[in-house]
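Here's a walk through a protein model for someone seeing it for the first time. Have a look at the fold, then read on.

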Amino acid sequence: MEGKVPGKQPLLTPYKMGKFQLSHRVVLAPLTRQRSWNNVPQPHAILYYSQRATKGGLLITEATGVSDTAQGYAHTPGIWTKEQVEAWKPIVDAVHAKGSIFICQLWHVGRVSNTEFQPNGQAPLSSTDKALTPQVRSNGFDVAEFTAPRRLTTDEVPRVVNDFRLAARNAMEAGFDGVEIHGAHGYLLDQFMKDQVNDRTDKYGGSLENRCRFPLEVVEAVVNEIGADKVGIRLSPFGHHAEAGDSNPTALGLYMVESLNKYGVLYCHMVEPRIRAAGEMCECPHSLVPLRKAFNGTFIAAGGYVKEDGNNAVAEERADLVAFGRWFLANPDLPKRFALNAPLNKYNRETFYAPEPIIGYTDYPFLEDIVE
């Protein structure tokens, strides 16, 4: 295994991801925080991200909208305007000052939205015109209502592809090291890939190849814009988020990773089959191993990991890197705590999405700040 150091936890061994030299394999997962007013990242994000930055670490931003039609949640950031790009720059600079690699996750929610988030109160865009039933939000108690979406016409799909391309260009202008295309969790790209949602009869529907056409057009456009060595993608073929399940998730996952190999993308960030929907874990007979073996680039696994099974995943070569969400949120110095086998702060689910610049955001203590 590359970079293995005797006696060290596998998660804390170095790894070369393309041109990036990582000092450890503990990745900050993309975590929606809902603290960007008017879809513009705020100065308090400078502290939040830089707290979690380490020399040679890899951070992925919260999901970041690619256009004014991409929104489905309050106070989430975007990267389609000049103002947003300028607001990201000091955040990126602060992370780079700590020596971390910083990737911007590009997002379009599709039908996981309603008219209040859409320009001119229009219907959300999707692969389908089937409405999503009301869903309990990730915080476990709020219920989200969704407007019936409008099916993108065949001729309109390239316009959305172009939104991703321009967002990738903007991310590079903001100083990011690369982008991660959000193709997971029931959002727009997943709505095209999954046969539970996609009921199209044009070239973007029906067969597996057709359903994956739009996501792969996004990959191709972004690769052509900024270079394959700066492009990752997140996928959840086994997930059922936002009523987006598939009848043959293994075939879907394999088709996508084999197609991604043709573009030579930097990494694939895959969500474990045991994660069915937001906050829901289950026993699952499926494994990411066949997908990991089929993919040529760096493979990042995510979904309910703790230190022990993260170390096992790397040791057994089931993943190159492991993304941690809730635990990295609650422990800004997570790699250090792993190294010292130190106890972890508990996370407070009630403050995950509080529109608040400090509480549940930048106030989780570092090890040295804890007084016994």
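## The whole chain

The protein chain folds into 10 helices and 17 strands. Helices (H or I, at least four residues) and strands (E, at least two) are DSSP runs, numbered from the N terminus. The chain's radius of gyration is 19 Å, close to the 21 Å that the globule rule gives for 372 residues, so the chain is as compact as a globular protein of that length. That radius is taken over C-alpha atoms, and the globule rule is 2.2 Å times the number of residues to the power 0.38. Along its principal axes, the C-alpha trace spans about 60 × 40 × 40 Å.

Keep in mind that this is a predicted model, where local features need pLDDT of at least 70, side-chain atom pairs count only at pLDDT 80 or more, and totals for chains, interfaces and linings use all residues. Residues are numbered from 1 along each chain as its sequence is written, and side-chain values use heavy atoms, with hydrogens and water left out.

## Inside and outside

Of the 372 residues in the protein chain, 59% are buried. Here buried means under 20% relative accessible area, exposed means over 50%, and partly exposed is in between (1.4 Å probe, protein chains only).

What about contacts along the chain? Take those with a separation of 6 or more: residues 24 or more positions apart account for 71% of them. A contact means heavy atoms within 4.5 Å.

Strand β13 covers residues 267–271, and five of its five residues are buried. Tyr267, His269 and Val271 sit on one side, with Cys268 and Met270 on the other, and both faces are covered.

β13 has parallel partners to look for. Strand β12 (residues 231–235) is joined to β13 by four bridges, with Ile233 standing opposite Cys268. Strand β16 (residues 298–302) pairs with β13 in the parallel sense over five bridges, and there Ile300 is the bridge partner of His269. Two strands count as paired if DSSP finds at least two bridges between them.

Together, β12, helix α6 (residues 249–263) and β13 form a right-handed β-α-β unit. A crossover is right-handed if, with the strands pointing away from the viewer, the path from the first strand over the helix to the second runs clockwise. The 15 residues of α6 should span 21 Å at 1.5 Å a residue, and its end C-alpha atoms are 22 Å apart, which agrees. The expected span is 1.5 Å times one less than the number of residues in the helix.

Among the buried residues of α6 are Leu252, Met256, Val257 and Leu260. Their cover includes α4 (188–193), α5 (208–226), β12, β13 and α7 (289–294). Just after α6, Gly264 takes a positive phi of about 65°.

In the loop between β12 and α6 you'll find Ser236, which counts as buried at 1% relative accessibility. Not counting residues up to four places away in sequence, Ser236 touches Gly183, Ala184, His185, Asp190, Lys194 and Val271.

Now move to helix α2 (residues 82–97), whose 16 residues should span 22 Å at 1.5 Å a residue; its end C-alpha atoms are 23 Å apart, which agrees. Its buried residues include Val85, Trp88, Ile91 and Val95. The buried residues of α2 pack against α1, β4, β5 (64–65), β6 and α3 (157–173). After α2 comes Gly99, with a positive phi near 90°.

Gly99 is also one of the residues in contact with Gly57, leaving aside the neighbours of Gly57 within four places in sequence. Gly57 is in the loop between α1 (44–51) and β4 (58–60), and counts as buried at 1% relative accessibility.

Which loop holds Asn120? Asn120 lies between β6 (101–107) and β7 (125–126). Its phi is near 60°, a positive value in a residue other than glycine, and Asn120 is exposed, with a relative accessible area of 82%.

Glu317, in the loop between α8 (307–315) and β17 (321–324), has a positive phi near 60° as well. Glu317 is partly exposed, at 43% relative accessible area.
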